[in-house]
Amino acid sequence: MAHDRAAVRGDRAEPAHRRGRSTVLQQHREAVSRVVRAMRDRLDEPWTLSRLAQVAYLSPFHFSRVFRLVTGTPPGRFLSALRMAEARRLVVSSRMNVTDICTTVGYSSLGTFTTQFTEQVGVGPGRLRRLDAAHGDRPLEHVVAVGTGPAEEDEPPGGVVTGTVTTPPAGDARLVLLGLFPTPLAQGLPVACTSVTGDGPFAVTGAPEGTWHLLACAHPEAVTVGEVLAGARDPDVWVGVADAPVVVRPGRTTGPLDVRLAPARPIDPPILTGLPVLPLAARQ
(Lines give C-alpha, C1' and ligand atoms only; values in the text may rest on other atoms or scores of the structure.)
Protein backbone atom coordinates (compact mmCIF):
# COMPACT_ATOMS: atom_id res chain seq x y z
CA MET A 1 0.00 0.00 0.00
CA ALA A 2 2.84 2.40 0.78
CA HIS A 3 4.13 1.90 -2.77
CA ASP A 4 0.68 2.61 -4.19
CA ARG A 5 0.30 5.80 -2.16
CA ALA A 6 3.70 6.98 -3.38
CA ALA A 7 2.58 6.35 -6.93
CA VAL A 8 -0.56 8.39 -6.34
CA ARG A 9 1.49 11.25 -4.91
CA GLY A 10 3.68 11.05 -7.99
CA ASP A 11 0.59 11.28 -10.19
CA ARG A 12 -0.43 14.48 -8.42
CA ALA A 13 3.07 15.93 -8.69
CA GLU A 14 3.36 15.26 -12.42
CA PRO A 15 0.34 15.50 -14.74
CA ALA A 16 -0.46 12.30 -16.62
CA HIS A 17 -0.06 13.90 -20.05
CA ARG A 18 3.49 14.96 -19.18
CA ARG A 19 4.40 11.48 -17.98
CA GLY A 20 2.91 10.09 -21.17
CA ARG A 21 5.00 12.37 -23.38
CA SER A 22 8.13 11.53 -21.39
CA THR A 23 7.49 7.80 -21.79
CA VAL A 24 6.90 8.09 -25.52
CA LEU A 25 10.05 10.18 -25.96
CA GLN A 26 12.08 7.59 -24.07
CA GLN A 27 10.64 4.82 -26.25
CA HIS A 28 11.53 6.79 -29.36
CA ARG A 29 15.12 7.29 -28.16
CA GLU A 30 15.47 3.59 -27.41
CA ALA A 31 14.16 2.70 -30.88
CA VAL A 32 16.57 5.12 -32.55
CA SER A 33 19.44 3.80 -30.41
CA ARG A 34 18.73 0.26 -31.64
CA VAL A 35 18.80 1.43 -35.22
CA VAL A 36 22.03 3.42 -34.82
CA ARG A 37 23.74 0.41 -33.19
CA ALA A 38 22.62 -1.79 -36.08
CA MET A 39 23.93 0.74 -38.59
CA ARG A 40 27.30 0.98 -36.86
CA ASP A 41 27.65 -2.80 -36.56
CA ARG A 42 26.80 -3.49 -40.22
CA LEU A 43 27.79 -0.47 -42.28
CA ASP A 44 28.41 -2.53 -45.40
CA GLU A 45 24.85 -3.87 -45.59
CA PRO A 46 22.36 -2.38 -48.08
CA TRP A 47 20.09 -0.76 -45.51
CA THR A 48 16.69 0.40 -46.71
CA LEU A 49 14.13 2.50 -44.87
CA SER A 50 11.93 -0.56 -44.44
CA ARG A 51 14.73 -2.63 -42.89
CA LEU A 52 15.67 0.17 -40.53
CA ALA A 53 12.02 0.60 -39.54
CA GLN A 54 11.83 -3.11 -38.73
CA VAL A 55 14.75 -2.74 -36.31
CA ALA A 56 12.87 0.13 -34.64
CA TYR A 57 9.58 -1.84 -34.57
CA LEU A 58 7.85 1.06 -36.31
CA SER A 59 6.21 1.66 -39.66
CA PRO A 60 8.55 3.23 -42.25
CA PHE A 61 6.62 6.51 -42.24
CA HIS A 62 6.51 6.76 -38.44
CA PHE A 63 10.14 5.66 -38.12
CA SER A 64 11.38 8.34 -40.51
CA ARG A 65 9.61 11.05 -38.50
CA VAL A 66 10.78 9.68 -35.14
CA PHE A 67 14.40 9.29 -36.28
CA ARG A 68 14.56 12.85 -37.54
CA LEU A 69 12.90 14.17 -34.38
CA VAL A 70 15.43 12.42 -32.12
CA THR A 71 18.63 12.99 -34.13
CA GLY A 72 17.78 16.07 -36.19
CA THR A 73 18.82 14.15 -39.31
CA PRO A 74 16.99 11.84 -41.78
CA PRO A 75 18.01 8.16 -41.40
CA GLY A 76 19.60 7.93 -44.85
CA ARG A 77 21.78 10.96 -44.27
CA PHE A 78 22.72 9.68 -40.81
CA LEU A 79 23.78 6.34 -42.29
CA SER A 80 25.86 8.09 -44.94
CA ALA A 81 27.58 10.13 -42.22
CA LEU A 82 28.36 6.98 -40.23
CA ARG A 83 29.87 5.35 -43.30
CA MET A 84 32.02 8.38 -44.03
CA ALA A 85 33.13 8.58 -40.40
CA GLU A 86 34.37 4.99 -40.57
CA ALA A 87 35.98 5.61 -43.96
CA ARG A 88 37.78 8.64 -42.57
CA ARG A 89 39.04 6.58 -39.63
CA LEU A 90 40.37 3.91 -41.96
CA VAL A 91 42.04 6.46 -44.23
CA VAL A 92 43.90 8.01 -41.30
CA SER A 93 44.59 5.01 -39.04
CA SER A 94 45.14 2.15 -41.50
CA ARG A 95 47.10 1.35 -44.64
CA MET A 96 44.07 0.07 -46.56
CA ASN A 97 43.80 1.35 -50.10
CA VAL A 98 40.85 3.57 -50.96
CA THR A 99 39.13 0.88 -53.05
CA ASP A 100 39.06 -1.54 -50.11
CA ILE A 101 37.84 1.20 -47.78
CA CYS A 102 35.08 1.99 -50.25
CA THR A 103 33.69 -1.54 -50.18
CA THR A 104 34.22 -1.95 -46.44
CA VAL A 105 31.81 0.89 -45.69
CA GLY A 106 29.15 -0.26 -48.14
CA TYR A 107 29.86 1.53 -51.43
CA SER A 108 30.05 -0.30 -54.75
CA SER A 109 31.17 2.69 -56.82
CA LEU A 110 34.59 4.16 -56.10
CA GLY A 111 33.70 7.37 -57.92
CA THR A 112 30.56 7.90 -55.83
CA PHE A 113 32.45 7.11 -52.65
CA THR A 114 35.29 9.54 -53.43
CA THR A 115 32.87 12.33 -54.34
CA GLN A 116 30.82 11.91 -51.17
CA PHE A 117 33.92 11.59 -49.02
CA THR A 118 35.28 14.87 -50.37
CA GLU A 119 31.95 16.64 -49.89
CA GLN A 120 31.33 15.37 -46.38
CA VAL A 121 34.85 15.40 -44.93
CA GLY A 122 36.04 18.50 -46.77
CA VAL A 123 39.06 16.97 -48.55
CA GLY A 124 39.59 13.81 -50.58
CA PRO A 125 40.93 10.55 -49.08
CA GLY A 126 44.44 11.02 -50.49
CA ARG A 127 44.76 14.59 -49.30
CA LEU A 128 43.45 13.67 -45.85
CA ARG A 129 46.08 10.96 -45.57
CA ARG A 130 48.81 13.44 -46.56
CA LEU A 131 47.57 15.97 -44.02
CA ASP A 132 47.71 13.34 -41.30
CA ALA A 133 51.22 12.29 -42.32
CA ALA A 134 52.42 15.89 -42.19
CA HIS A 135 50.57 17.15 -39.11
CA GLY A 136 48.96 14.21 -37.32
CA ASP A 137 51.31 14.27 -34.31
CA ARG A 138 50.82 17.97 -33.60
CA PRO A 139 48.50 19.09 -30.78
CA LEU A 140 45.27 20.51 -32.19
CA GLU A 141 45.63 23.68 -30.14
CA HIS A 142 48.95 24.38 -31.87
CA VAL A 143 47.33 24.21 -35.29
CA VAL A 144 43.96 25.90 -34.85
CA ALA A 145 44.52 29.43 -33.63
CA VAL A 146 42.02 30.99 -31.25
CA GLY A 147 39.73 33.43 -33.04
CA THR A 148 39.43 34.34 -36.70
CA GLY A 149 41.54 36.90 -38.46
CA PRO A 150 40.16 39.94 -40.29
CA ALA A 151 38.92 39.53 -43.84
CA GLU A 152 41.23 40.46 -46.68
CA GLU A 153 40.84 44.03 -47.91
CA ASP A 154 39.82 42.95 -51.41
CA GLU A 155 37.15 40.56 -50.13
CA PRO A 156 33.52 41.70 -50.01
CA PRO A 157 32.38 42.40 -46.44
CA GLY A 158 30.56 39.52 -44.82
CA GLY A 159 28.30 39.31 -41.85
CA VAL A 160 29.21 38.67 -38.22
CA VAL A 161 27.62 36.04 -35.98
CA THR A 162 28.05 36.59 -32.24
CA GLY A 163 27.10 34.69 -29.13
CA THR A 164 28.25 32.92 -26.01
CA VAL A 165 29.60 29.41 -25.50
CA THR A 166 28.70 27.49 -22.36
CA THR A 167 30.58 24.28 -21.58
CA PRO A 168 29.57 21.47 -19.17
CA PRO A 169 29.86 22.25 -15.44
CA ALA A 170 33.30 21.55 -13.98
CA GLY A 171 34.65 21.01 -17.48
CA ASP A 172 38.18 21.91 -18.45
CA ALA A 173 38.94 25.02 -20.52
CA ARG A 174 39.06 23.35 -23.93
CA LEU A 175 39.52 24.77 -27.38
CA VAL A 176 35.98 25.11 -28.77
CA LEU A 177 35.61 25.02 -32.56
CA LEU A 178 32.58 26.80 -34.06
CA GLY A 179 31.54 26.83 -37.69
CA LEU A 180 28.69 27.79 -40.00
CA PHE A 181 27.42 24.94 -42.20
CA PRO A 182 24.74 24.60 -44.89
CA THR A 183 22.99 21.72 -43.04
CA PRO A 184 22.56 20.61 -39.40
CA LEU A 185 25.36 18.09 -39.96
CA ALA A 186 28.94 19.06 -39.08
CA GLN A 187 30.46 17.96 -42.37
CA GLY A 188 32.55 19.51 -45.09
CA LEU A 189 34.44 22.75 -44.69
CA PRO A 190 32.49 25.47 -42.86
CA VAL A 191 31.66 28.63 -44.77
CA ALA A 192 33.12 30.57 -41.82
CA CYS A 193 34.55 29.51 -38.49
CA THR A 194 36.23 30.60 -35.30
CA SER A 195 37.49 29.13 -32.04
CA VAL A 196 37.53 30.14 -28.39
CA THR A 197 38.92 28.69 -25.21
CA GLY A 198 36.33 27.63 -22.64
CA ASP A 199 33.19 29.58 -21.75
CA GLY A 200 32.68 33.06 -23.08
CA PRO A 201 31.78 35.19 -26.07
CA PHE A 202 32.58 34.37 -29.68
CA ALA A 203 32.35 36.12 -33.05
CA VAL A 204 32.35 34.41 -36.43
CA THR A 205 33.46 37.06 -38.92
CA GLY A 206 33.37 37.11 -42.70
CA ALA A 207 30.23 34.96 -42.85
CA PRO A 208 28.70 34.89 -46.34
CA GLU A 209 25.11 35.90 -46.92
CA GLY A 210 22.62 33.09 -46.46
CA THR A 211 21.00 30.81 -43.91
CA TRP A 212 23.44 28.63 -41.99
CA HIS A 213 23.59 26.26 -39.03
CA LEU A 214 26.01 27.13 -36.23
CA LEU A 215 27.66 23.97 -34.88
CA ALA A 216 30.36 23.59 -32.26
CA CYS A 217 32.60 20.88 -30.84
CA ALA A 218 35.38 20.60 -28.28
CA HIS A 219 37.84 17.74 -27.98
CA PRO A 220 39.69 16.66 -24.83
CA GLU A 221 42.78 18.62 -23.88
CA ALA A 222 46.04 17.64 -25.62
CA VAL A 223 44.23 15.84 -28.46
CA THR A 224 46.33 15.61 -31.62
CA VAL A 225 45.38 16.58 -35.14
CA GLY A 226 45.63 12.91 -36.15
CA GLU A 227 43.19 11.84 -33.45
CA VAL A 228 40.69 14.47 -34.55
CA LEU A 229 41.12 13.60 -38.24
CA ALA A 230 40.55 9.91 -37.45
CA GLY A 231 37.37 10.84 -35.61
CA ALA A 232 37.93 8.57 -32.63
CA ARG A 233 34.63 8.24 -30.79
CA ASP A 234 35.86 9.65 -27.53
CA PRO A 235 32.92 9.87 -25.10
CA ASP A 236 34.50 13.02 -23.72
CA VAL A 237 33.92 15.02 -26.91
CA TRP A 238 31.50 17.91 -26.41
CA VAL A 239 29.07 19.06 -29.09
CA GLY A 240 26.59 21.90 -29.38
CA VAL A 241 24.34 23.68 -31.86
CA ALA A 242 22.47 26.97 -31.99
CA ASP A 243 18.75 26.49 -31.43
CA ALA A 244 17.74 27.85 -34.84
CA PRO A 245 19.32 28.46 -38.26
CA VAL A 246 21.32 31.67 -38.56
CA VAL A 247 20.37 34.25 -41.19
CA VAL A 248 23.43 36.28 -42.25
CA ARG A 249 23.36 39.59 -44.11
CA PRO A 250 26.45 41.41 -45.43
CA GLY A 251 27.78 44.03 -43.06
CA ARG A 252 25.34 43.09 -40.31
CA THR A 253 25.71 41.36 -36.97
CA THR A 254 23.48 38.41 -36.08
CA GLY A 255 23.06 37.42 -32.45
CA PRO A 256 23.75 37.06 -29.70
CA LEU A 257 23.29 33.28 -29.86
CA ASP A 258 23.56 30.81 -27.03
CA VAL A 259 25.55 27.64 -27.76
CA ARG A 260 25.58 25.09 -24.95
CA LEU A 261 27.98 22.17 -25.25
CA ALA A 262 27.29 18.73 -23.79
CA PRO A 263 28.99 15.32 -24.03
CA ALA A 264 28.29 13.65 -27.37
CA ARG A 265 25.70 10.85 -27.31
CA PRO A 266 25.77 7.66 -29.41
CA ILE A 267 22.69 8.91 -31.27
CA ASP A 268 24.33 12.22 -32.23
CA PRO A 269 25.47 12.37 -35.88
CA PRO A 270 29.24 11.92 -36.27
CA ILE A 271 31.39 15.01 -36.66
CA LEU A 272 32.83 14.96 -40.18
CA THR A 273 33.69 18.63 -40.34
CA GLY A 274 37.00 19.82 -41.67
CA LEU A 275 37.32 22.46 -38.93
CA PRO A 276 40.75 21.23 -37.83
CA VAL A 277 41.70 20.58 -41.44
CA LEU A 278 40.84 24.06 -42.67
CA PRO A 279 43.96 25.97 -41.53
CA LEU A 280 46.14 23.09 -42.70
CA ALA A 281 44.52 22.74 -46.10
CA ALA A 282 44.86 26.46 -46.70
CA ARG A 283 48.63 26.12 -46.45
CA GLN A 284 49.01 22.97 -48.56
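The salt-bridge count comes to 6, a salt bridge being a side-chain nitrogen of Lys or Arg within 4 Å of a carboxyl oxygen of Asp or Glu. This is a predicted model: local features need pLDDT of at least 70, side-chain atom pairs count only at pLDDT 80 or more, and totals for chains, interfaces and linings use all residues. Residues are numbered from 1 along each chain as its sequence is written, and side-chain values use heavy atoms, with hydrogens and water left out.

**Salt bridges**
- D236 pairs with R174, with the closest N and O atoms 2.5 Å apart.
- This pair links distant parts of the chain, 62 residues apart: D236 sits in the loop between α10 (225-230) and β6 (238-241), R174 in the loop between β1 (159-166) and β2 (175-181).
- R174 is buried at 2% relative accessible area; buried means under 20%, exposed over 50%, partly exposed in between (1.4 Å probe, protein chains only).
- D236 is partly exposed at 36%.
- R260 and D258 meet at 2.9 Å, N to O.
- R260 is exposed at 56%, while D258 is partly exposed at 35%.
- Salt bridges with shared partners join R42, E45 and R51 into one network.
- Within it, R51 and E45 meet at 2.9 Å, N to O.

**Helix α5**
- Of its 19 residues, 14 are buried, so α5 is largely enclosed by the rest of the structure.

**Cysteines**
- The whole structure holds 0 disulfides, meaning pairs of cysteine sulfur atoms within 2.5 Å.
- C102 is buried at 2% relative accessibility, and C217 is buried at 4%.

Note on methods:
Helix = DSSP H or I, 4+ residues; strand = E, 2+ residues; numbered from the N terminus.
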